[in-house]
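Hi,

Here is the model I said I would pass on.

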Amino acid sequence: MQQQTIQNAFTLSGIGLHTGAEVHVHVQPAPADAGIVFVRSDLPGKPRVEARLENLHQQMRCTTLKQGNAEVITTEHLLATCYALQLDNLLVEMDGQEMPGIDGSALPFYQALSKAGVQRQAAEAKELVLRHEVQVGKEKALLRASSYDKGLKIEYVLEHDVAYVPAQYLILELSAEKFAREIAPARTFVLKREVEHLRSVGLGKGANTHNTLVIAENGTIIENTLRFPDEFVRHKVLDLIGDLALLGARLKAFVSASRSGHQLNAELVREIAKTQE
Ligand SMILES: [Zn+2]
């Protein structure tokens, strides 16, 4: 398998879900072995933030990357899409701190990246075949990776503390086609009762009922309709793929998750990187 980038550059714009700030993103091809590299064109010296595990910073409801003093947040939907499309190298120039939320899913990223065309590169793609089982978490929130030679298979059990969010289960073997159809359109969600708290800690400033599924106490979605009956678990799988992408390799493993979020995903990714040398 060879490394890949895109053929044609493109631009995407929108509002960050957490900062509420408008951002313009210019995505360009990058040379082999570059990886996915964000560039903060709004900061002096245009610092780079590489999508590598070492740059994974705090995880407050989104995947934050930090290199030096430069930070980029909410990178997971783009990274998940790159992973699913097997795009290894990209330059992502942005004039703000946060990736655009757009509709709260990975679909706009999928559409733009697949339209940009795939360019094969001379270098061999990195592959990580899991040899030793890895488990993180405890009690209800668990994440386990075990060996699976055919590719990346993901299983997710979503069980929420509140009764009005029903339990949901999904298992799939990842491919670009399945990602496009089953995962990319699934949008981010939040409980209505959490909104006030998130706002009070400075998050969710750009979130609204059009780019986020807001779940009311009677289980209905406020001012929106579901794209899948089990859209929530699909979005959890999307976020998990985005976090696994930080391994910087095509992972061959079976990842089984229950109730995990960005924090636990990060723990698993660190554990995999540490134990599979
Ligand atoms: Zn997400």
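Asn 211 sits in the loop that links helix H4 (192-200) to E16. Keep in mind that this is a predicted model. Is Asn 211 buried or exposed? Its relative accessibility is 7%, under the 20% cut-off, so Asn 211 counts as buried. Not counting residues up to four places away in sequence, Asn 211 touches Leu 17, Ile 102, Asp 103, Gly 104, Thr 188 and Gly 206. Arg 187 is 24 residues from Asn 211 in sequence, and their C-alpha atoms are 7.4 Å apart.

One of those partners, Thr 188, got a look of its own. You'll find Thr 188 in the loop between helix H3 (176-183) and strand E15 (189-191). Thr 188 is buried too, with a relative accessible area of 17%. With neighbours within four places in sequence left aside, the contacts of Thr 188 are Leu 17, Gly 104, Asn 211, Thr 212, Leu 213 and His 235. Leu 17 and Gly 104 turn up in the list for Thr 188 and in the one for Asn 211.

Ile 15 and Gly 206 are 191 residues apart in sequence, yet 6.3 Å apart in space, C-alpha to C-alpha. Gly 206 is also in contact with Ile 15. Ile 15 counts as partly exposed, at 37% relative accessibility.

Next, the helices. How many residues of helix H1 (residues 76-84) are buried? Nine of the nine are, so H1 is largely enclosed by the rest of the structure. The buried set is Glu 76, His 77, Leu 78, Leu 79, Ala 80, Thr 81, Cys 82, Tyr 83 and Ala 84. After H1 comes Gln 86, with a positive phi near 55°.

As for helix packing, H5 (residues 231-244) and H6 (residues 262-275) pack at an angle of about 35°, and their axes are 9 Å apart. Their crossing is right-handed. From H5, the residues involved are Asp 239, Leu 240, Asp 243 and Leu 244; on the H6 side they meet His 262, Asn 265, Leu 268 and Val 269. Sorted by class, this contact has four nonpolar, two polar and two charged residues.

A couple of backbone spots are worth a glance while you have the model open. Lys 46 is not a glycine, but its phi is positive, at about 45°. Lys 46 is placed in the loop between E4 and strand E5 (48-50), and it is partly exposed, with a relative accessible area of 48%. Glu 223, also a residue other than glycine, has a positive phi near 55°. The loop between strand E16 (213-215) and H5 is where Glu 223 is found. At 58% relative accessibility, Glu 223 counts as exposed.

I also noted Ala 34, in the loop between strand E3 (22-29) and strand E4 (36-40). Ala 34 is partly exposed, at 26% relative accessibility. Between Ala 34 and Ala 125 there are 91 positions in sequence and 12 Å in space, C-alpha to C-alpha.

Finally, the chain as a whole. The secondary structure comes to six helices and 17 strands. The radius of gyration is 18 Å, close to the 19 Å that the globule rule gives for 277 residues, so the chain is as compact as a globular protein of that length. Along its principal axes, the C-alpha trace spans about 55 × 45 × 35 Å. Buried residues make up 54% of the 277. Of the contacts with a separation of 6 or more, 73% are between residues 24 or more positions apart. The accessible surface is about 12,500 Å², with 48% of it belonging to carbon and sulfur atoms.

Cheers

Terms used: Residues numbered from 1 in each chain as written. Predicted model: local features only at pLDDT ≥ 70, side-chain atom pairs only at ≥ 80, totals over all residues. Heavy atoms only, no water. Axes fitted to C-alpha atoms, helices over the stretch in contact; angles between N-to-C directions. Helix = DSSP H or I, 4+ residues; strand = E, 2+ residues; numbered from the N terminus. Left-handed = near helix turned anticlockwise from the far one by under 90°. Contact = heavy atoms within 4.5 Å. Nonpolar A, V, L, I, M, F, W, Y, C, P; charged D, E, K, R; others polar. Rg over C-alpha atoms; globule rule 2.2 N^0.38 Å. Buried < 20%, exposed > 50% of the residue type's maximum accessible area, 1.4 Å probe, protein only. Areas by Shrake-Rupley, 256 points an atom, 1.4 Å probe, with all protein chains shown as cover.
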